[in-house]
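Here are my notes on this one, as numbered points. Have the viewer open while you read.

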Amino acid sequence: LGHLADELAARDHDVMLSRIIPDDDDWLSRITRSGMVDGVLLIGQSNQLAVIDAVAETYLPLVVWGSTLPGQHHCAVGVDNRLGGRMAGEHLIATGRRRIAFMGEIRTLELAQRHAGLCDAMADAGLKPPQQLDVALAPELMPDQIAANLARLQGEGRAIDGIVAASDMIALATMAELSASGRSVPGDVAVTGFDDLPLAERAIPRLTTIRQDLEAGAKAMVAALFERIEGRAAPGLEMPPGLILRDSA
C-alpha cells in the first residue's frame with residue numbers, strides 16, 4: 001500500500017482505501033459504479049475470481065494484484081506463485097528434506113498456486129504430496145491454528161522435517177511455535193516463507209523465503225491502471241520470484 005500510494009501521489013492522484021469482506025456478488029460493481037473513483041486497484045483475488053472477471057468485462061480501469069490464469073479477463077500484476085512454491089519445495093528437497101508440509105489455507109488463489117508449486121516439486125522428486133495444514137491469514141488466529149496443526153501431527157506420529165509456509169508471517173509464527181515446543185529450526189524442521197518482508201531478515205533464525213518485488217509490482221500496477229484510465233487495455237505482468245537463502249532452511 002505504501003508503494004502504491006507513492007506512485008499515485010507522483011501522478012497527482014489520491015488514494016481511497018476500502019477494506020472489503022464480500023457479502024454478495026455486487027461488491028466490486030458497487031465500487032466501480034459509485035462515480036467516486038477514476039480506477040480501482042484491487043489487492044488480492046481470494047475466492048472472487050468470477051466476480052472480478054465479470055466486472056472486468058465492462059470496466060476497463062481495474063488492475064488486480066494477484067495471479068494470472070489462462071483465460072482470465074482481468075488485468076493482474078503479481079509474482080508467479082506456482083513457480084515460487086516449486087522453488088521453495090525444490091530447495092528443501094535439495095537440502096535433504098523429504099517429509100514436507102504446506103502451512104496455509106488454499107482457498108485463496110495465490111496461496112493455492114504456491115501449494116500447487118510445492119506439489120509439483122515433490123511429485124518430480126518422487127515424494128508423497130505435502131501435508132496441507134490450514135492456517136488463516138488473520139494474525140490473531142495464526143498462533144493457535146499453527147500450534148494445533150503441529151500438535152496434531154506429533155500426536156498422530158506424522159513427523160515432518162520441512163515446512164513451506166504460505167507467507168512470511170505464517171513462517172515466523174511457525175518458527176516461534178516450533179521453538180516453544182522444543183524443536184530447532186532448521187535442525188529439526190526447515191522452514192521457508194513467501195514475500196521477503198523486512199521482518200524476514202531480522203528474524204532469529206533469519207528466514208529463507210521467496211521474494212516478490214512489491215515496489216516493482218506497485219509501479220507496474222499503477223502504470224497499467226493509468227493506461228486503462230486513458231482507454232488502452234494494458235496487459236498484466238507476471239514477475240519471476242526469487243529464492244532468498246538465509247538461515248531457516
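1. Which residues of β7 point one way and which the other way, and are they buried or exposed? A190, T192 and F194 point one way, V191, G193 and D195 point the other way, and all are buried. Buried here is under 20% relative accessible area, exposed is over 50%, and partly exposed is in between, with a 1.4 Å probe and protein chains only. Six of the six residues of β7 are buried, so the strand is largely enclosed by the rest of the structure.

2. Some housekeeping before going on. This is a predicted model, where local features need pLDDT of at least 70, side-chain atom pairs count only at pLDDT 80 or more, and totals for chains, interfaces and linings use all residues. Residues are numbered from 1 along each chain as its sequence is written, and side-chain values use heavy atoms, with hydrogens and water left out. Helices (H or I, at least four residues) and strands (E, at least two) are DSSP runs, numbered from the N terminus.

3. On to the neighbours of β7 (residues 190-195), which pairs with β6 in the parallel sense over three bridges. Two strands pair if DSSP finds at least two bridges between them. G162 stands opposite A190, and I163 stands opposite V191. From β6 to β7 the chain crosses through helix α7 (residues 168-180), a right-handed β-α-β crossover. Right-handed means that, with the strands pointing away from the viewer, the path from the first strand over the helix to the second runs clockwise. β7 also pairs with β8 (residues 208-211), again parallel, over four bridges, and there D195 stands opposite R211.

4. Now β6 itself (residues 162-165): G162 and V164 point one way, I163 and A165 the other way, and all are buried. β6 pairs in the parallel sense with β4 (residues 100-103) over four bridges, and A101 has I163 as its bridge partner.

5. Next, α7 against α6 (residues 142-155). Their axes come within 9 Å and cross at roughly 55°; axes are lines fitted to C-alpha atoms, for helices over the stretch in contact, and angles run from 0 to 180 degrees between N-to-C directions. That makes α6 oblique to α7, given that angles under 35 degrees count as roughly parallel, over 145 as roughly antiparallel, 65 to 115 as roughly perpendicular and the rest as oblique. The crossing is right-handed, meaning the near helix is turned clockwise from the far one by less than a right angle (left-handed if anticlockwise). Among the residues that meet are M142 and L150 in α6 and M169 and L178 in α7; contact means heavy atoms within 4.5 Å.

6. There is also an open sheet of four strands, ordered β1-β2-β3-β9, with parallel pairing. Its edge strands, β1 (40-43) and β9 (237-239), each pair on one side only. The twist averages 15° from one strand to the next. Helix α9 (residues 214-229) packs on the sheet, touching β1, β2 (62-65), β3 and β9, and its direction makes about 165° with that of β2.

7. α9 has a helix partner too: α1 (residues 2-10) packs with α9 at an angle of about 40°, with the axes 9 Å apart. That makes α1 oblique to α9. Contacts run between residues including L4 and L8 in α1 and V222 and F226 in α9.

8. Last, have a look at H115 in helix α5 (residues 109-124). At 14% relative accessibility, H115 counts as buried. Leaving aside neighbours within four places in sequence, H115 is in contact with F102, I106, P130 and Q132.
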